[in-house]
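Trainee: I am new to this one. Could you show it to me and let me ask about the terms?
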Amino acid sequence: MSTRSVRCEGLTKSFEGEPALDGLTIDVRPGEVLALLGPNGAGKTTTMRLLNGVLTPDLGTATVLGLDPWAQGTELRRRTGVLTENAGLDERFTALENLVTTAELRGMDRSAARVRAGELLERFGMGHRADARVQGFSTGQRKRVALARALLHDPELLYLDEPTSGLDPAATRDVVELIASLTAERGRTVVLCTHFLGEAGKLASRMAVLFQGRLHAFGTPDQLAADLWSDTEVRLDVGGPASTELLVALAAVEPVVQAVPTDDGALVRVRSADVTPSLVRACVAAGVDVHAVTPRARTLEDVYFEVEARAQAQGTDDGLGARPVAT
Amino acid sequence: MSATVPRREGTDWRVVRAMLRRDLGAIVRSKALLLPMLFLPTVLLVLLPLSIGLAANGKTVRVERALELLPERLVAPVLSHPPDERLIILVLGYLVAPLFLIVPLMVSAVTASDTFAGEKERRTLETLLHLPIRDRDLYLSKLLGGFLPATIVSWVGFVLYAVLANIICWPVMGRIFLPTWKWTILIFWVAPAVAALGLGVMVRVSTRVDTTQEAQQLGGAVVLPLVMLAVGQTTGLLLTGPIVSIVAGAVVWAIAAFLNLRGAKAFTRDRMGSRL
């Protein structure tokens, strides 16, 4: 078994001379959820289409599930499942018919397709609407049906393009839990295109941040934070805003970079979290009671927006794309 | 994985059949597709023989003056019949024939415009492109999805037309006068060729535009001159020998095959995916 479900190098694609993806190099491990993050037009969907052999790159190579997506696209697509951003259901058919038709196009026989489709619709809470035409379905119901369709053939690799866009909070939670269970219980590999950072944070072990078709960061949030920042932050709760004297005392501790007051104490930027005991000692020496000391880990949002800021500083982002939403 | 089919080198007919079931099922459920497909054939193939038959039975219309205006060589087959039969022979036997070629063209145009452009409009094309269907199988199934309804409507329509015309005109004719050999060649050889010709144009147009309306407008502009050309020659085909009809059909088939083969070569997933 390959150590990577997906590996691509220098993937480049233009549409009518306009670059959509520029030299993308990433990999996805078996059983991993990789989040492709970025604003609209960053190249996330293009990446997904390229890696499933729907689009052919201008440059670059890729191996997906051990196959060449362009020379062996049909074979690859037998083993992948896709949830497109728009559910892509035919409104003239019922939910069950949409699934059975797709199953037949995947080569399943009709009776097996009906059984499998029925099971999946039940699992996604759509069993009661199986024989209803999709025309009257809400966005959430369509997403559920489309997700069921993507899982019909029990794919090894799932491409999910904005799986929770347009969903209400309860439906979002359900879909996120379902994706998590697919990887945790069934070991499926997922490439998740999203601009919802909360969703990515809950599901993805690594993330690739794209802007204007270029990869600007790739790794776990911790790795990226370590690459982005040489310091960390410690939150001190002393029951009220830190006095000037205390801030001076904290700033004097090596290797503190900066100490700023907060409503309940101070936020101290330090070169290493190992300095925490020294900070507590400085507080005690200043006659201040310490209620709590919390090293503040960099969040996915911190990482994403820092990457975005640096990308913009490099002049590669024109700022027109919609920003990801922290949820 | 359950019940999947192993990869085959040739056309995957199982997938093509599944796609046809899907597309034909969708046509049956869509009033926007079904009504135009049935309206014209009903008018041409049911109402027209009814009205002509009734007029001939009542002996209210004489065609001798009209026949005098046409070249003698062409009207000879009509004039060889008794005067009471001439209206029926002229209209139902010859003049309706060109209209029969409009039926397969129109049906193929309606269904073909709904193929790729319709998939784009309904936002189902991307899902389709992500399925394990080879480009040529996808193209072939879309072609057949247009060709089969056009041919079936033409053939069923003709059978209906012939039955109705024979029944209504029985009091005047006293015999079964349709179908003739020339009609049979026209319906079973030339009409499918015309449908294939229309598809050759319309499917390619459908891959290039975003809506069925655009496809119909653009496709109509290309197909209409062909229709006029074909229709203009059809009565002549019936008035001449069957060999001419067979040759004419072969020419249309050749053009249709050329257009469709070129279309199949030009159709790639990447091209469709780039237009999503």
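Mentor: Take helix H6 (residues 97-113) and helix H9 (residues 135-168) of chain B: their axes come within 8 Å and cross at roughly 150°. This is a predicted model, where local features need pLDDT of at least 70, side-chain atom pairs count only at pLDDT 80 or more, and totals for chains, interfaces and linings use all residues. Residues are numbered from 1 along each chain as its sequence is written, with chains lettered from A and ligands numbered from 1 in the order in which they are written.

Trainee: Why are H6(B) and H9(B) called roughly antiparallel?

Mentor: Angles under 35 degrees count as roughly parallel, over 145 as roughly antiparallel, 65 to 115 as roughly perpendicular and the rest as oblique. The axes cross at roughly 150°. H6(B) and H9(B) are therefore roughly antiparallel.

Trainee: Which residues make the contact?

Mentor: Phe100(B) and Val103(B) are among those of H6(B), and Gly145(B) and Phe147(B) among those of H9(B). Contact means C-beta atoms, placed from the backbone, within 7 Å.

Trainee: What makes Val64(A) buried or exposed?

Mentor: A residue is buried if 20 or more other C-beta atoms lie within 10 Å of its own, exposed if 12 or fewer, and partly exposed in between. Val64(A) has 29, so Val64(A) is buried. Its place is in strand S4 (residues 59-64) of chain A. Leaving aside neighbours within four places in sequence, the contacts of Val64(A) include Val6(A) and Leu157(A).

Trainee: How many residues of chain B are in contact with chain A?

Mentor: 29 residues of chain B, with 28 residues of chain A. H1(B) gives the largest share of chain B's side, 7 residues.

Technical notes: Axes are lines fitted to C-alpha atoms, for helices over the stretch in contact, and angles run from 0 to 180 degrees between N-to-C directions. Helices (H or I, at least four residues) and strands (E, at least two) are DSSP runs, numbered from the N terminus. Two residues are in contact if their C-beta atoms, placed from the backbone, lie within 7 Å.
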